[in-house]
Amino acid sequence: MITIHIPTPLRKFTHNAAKVTVDADSVSGAIGALIGQYPELGKHLLDTDQQIRRFVRIYVGEEDINQLSGASTQLKPGDAVSIIPAIAGGSKG
Amino acid sequence: MSEVQFSKQELERYSRHLIIPEFNIAGQRKLKAAKVLVVGTGGLGAPLLQYLTAAGVGTIGIVDFDVVDESNLQRQVLFTVDDVGKPKVEVAKQRLEKLNPHITFKAYNVALTSENALDIIREYDVVADGTDNFPTRYLVNDACVLLGKTNVYASIFRFEGQASVFNYAYPDGTRGPNYRDLFPSPPPPGLVPSCAEGGVLGVLPGILGSLQANEVIKVITGVGDPLAGRLFLFDAATFETRILKVAPDPANPISGDNPTLTELIDYEEFCGIPAQNGEQTSDIRAIDVHELKRRRDAADGSVLIDVREPYEYEIVNLQGRLIPQNSVEEHLDQIPSDVDVIVHCRSGKRSADVIKVLQSKYGYQNLYNLDGGILAWAREVDTSLPTY
């Protein structure tokens with residue numbers, strides 16, 4: 001099982017789940033399985049070419065997948081995948 | 001650095017620093033000699049400014065263009081009810097001068113822009129970014145990279161916080177990763193709501209802003225191991241913390257192998273935010289709150305739809321039909337097309353987005369956006385209503 005950490009801004013698409021577990025052996029497989037469970041996430045994570053969007057980072061453990069093998073990075077059971085979006089909040093509002 | 005002298009009062013004030021072996025008077029001298037610019041005097045800025053002032057950073061610049069609002073007091077602990085309506089930087093400066101009279105403060109009651117950012121930031125050694133929007137995040141980042149300043153970053157949303165130290169100067173002269181290495185481009189407008197739309201737990205900026213102050217002090221004094229090349233994540237709801245690695249991106253347009261950004265750009269445009277009166281909103285018809293009042297008083301048969309969330313409706317509402325933005329497309333049967341329909345939200349942005357979708361996808365031609373949303377109604381028509 002792979003645990004995917006869902007960041008706050010995207011939890012509205014996962015019925016507020018902060019973690020989702022999937023069976024997958026690669027990052028693209030894990031993201032695909034996640035979108036399978038929560039189709040609305042698809043357009044926020046992937047662009048029209050099915051590439052991971054540039055304003056989200058995907059990590060396996062503490063490593064950015066761009067420093068590994070990108071979306072084809074292999075996963076082993078127990079790995080944690082994190083989706084890290086840009087958030088801007090701070091000052092006023 | 002030994003030319004930095006302290007009065008008896010200062011030595012007594014900073015004694016708890018001076019007796020930390022690896023900090024001592026050398027660290028305190030570096031603090032006194034340092035110039036730090038705090039951008040944003042809000043939730044993050046409040047603890048940042050208070051701790052940097054208390055700790056003895058010699059010169060502190062404060063940038064904010066805003067005035068204190070009632071809704072700030074839930075988290076911006078630098079301000080009191082007496083300060084509502086006053087410029088934040090002025091109030092902050094007055095409070096902080098009382099906290100530590102040995103500090104030089106410089107208040108900039110302006111918005112940081114591409115026109116003034118380099119001139120302001122140039123005067124400082126370290127920048128602490130406590131702003132609240134993507135254009136300013138990228139502006140602060142790019143200005144810091146162009147000027148070779150370290151940018152101590154934190155950001156918050158609801159229960160979640162991020163912190164990092166960007167563009168850190170390593171002893172060998174190289175620079176650590178910056179914001180664009182982490183996020184090459186901003187999310188499209190609307191995907192990640194602002195704190196005004198999405199909310200934030202009041203104590204969260206207190207936690208993240210304190211961490212930011214800690215990193216600023218570490219960067220200045222050289223004590224410890226700053227959060228450079230790493231991203232700290234904190235989920236206040238689950239108390240989970242993570243530290244992830246941030247690597248330089250060779251394609252980074254400002255610091256990568258082939259930099260193309262050599263000056264500041266239009267950051268509103270970069271973040272996809274249309275200019276005021278841009279074409280995106282021009283095909284949306286709008287009415288103001290006074291027109292809505294006339295129509296309601298005349299019972300003209302128009303329908304009012306509220307596209308906010310149920311918890312916002314509970315705070316205050318205009319008895320409109322509640323159809324939250326995300327569920328609008330599932331409730332088209334509740335949106336008539338034969339009478340005028342006025343759509344409103346908190347400030348008018350979400351309702352405009354809803355109208356855009358309804359017009360372009362479903363052919364509605366009877367929709368009006370309520371300019372300024374329920375906030376404008378509470379301000380101009382019924383001041384007994386709470387704002388949030």
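Chain B contains 16 helices and 13 strands, where helices (H or I, at least four residues) and strands (E, at least two) are DSSP runs numbered from the N terminus. The model is predicted, and local features need pLDDT of at least 70, side-chain atom pairs count only at pLDDT 80 or more, and totals for chains, interfaces and linings use all residues. Residues are numbered from 1 along each chain as its sequence is written, while chains are lettered from A and ligands numbered from 1 in the order in which they are written.

The C-alpha trace of chain B spans about 80 × 50 × 40 Å along its principal axes. Of the 388 residues in chain B, 40% are buried; a residue is buried if 20 or more other C-beta atoms, placed from the backbone, lie within 10 Å of its own, exposed if 12 or fewer, and partly exposed in between. Two residues are in contact if their C-beta atoms, placed from the backbone, lie within 7 Å. Among contacts in chain B between residues at least 6 apart in sequence, 67% join residues at least 24 apart.

A nonpolar core is defined as a set of buried Ala, Val, Leu, Ile, Met, Phe, Trp, Tyr and Cys residues joined through C-beta atoms within 7 Å. The largest such core has 71 residues, and those with the most contacts inside it are B:Val36, B:Val38, B:Leu49, B:Leu52, B:Val126, B:Val127 and B:Val216. With residues up to four places away in sequence left out, B:Leu49 touches B:Val38, B:Thr41, B:Ile60, B:Ile62, B:Leu78, B:Ala92 and B:Leu96. A second, separate core of 21 residues includes B:Val289, B:Ile335, B:Ile342 and B:Val343.

The axes of helix 3 (residues 24-33) and helix 10 (residues 204-221) of chain B come within 9 Å and cross at roughly 105 degrees. Axes are lines fitted to C-alpha atoms, for helices over the stretch in contact, and angles run from 0 to 180 degrees between N-to-C directions. Helix 3 and helix 10 of chain B are therefore roughly perpendicular to each other, a class covering 65 to 115 degrees, with angles under 35 degrees roughly parallel, over 145 roughly antiparallel and the rest oblique. In this pair, B:Gly27, B:Lys30 and B:Leu31 of helix 3 meet B:Ile217, B:Ile220 and B:Thr221 of helix 10. The contact residues divide into three nonpolar, two polar and one charged; Ala, Val, Leu, Ile, Met, Phe, Trp, Tyr, Cys and Pro count as nonpolar, Asp, Glu, Lys and Arg as charged, and the others, Gly among them, as polar.

Between the chains, 43 residues of chain B are in contact with 25 residues of chain A. Helix 7 (134-147), strand 5 (150-157), strand 6 (160-166), helix 9 (195-198) and strand 8 (240-245) of chain B each supply at least two residues of the side that touches chain A. By class, this side of chain B has 20 nonpolar, 15 polar and eight charged residues.

Two non-glycine residues in loops have positive phi. B:Asn167, with phi of about 55 degrees, is in the loop between strand 6 and helix 8 (179-182) of chain B and counts as buried, with 25 C-beta neighbours inside 10 Å. B:Ala299, with phi of about 45 degrees, is in the loop between helix 13 (289-297) and strand 10 (303-306) of chain B and is exposed, with 7 other C-beta atoms within 10 Å.
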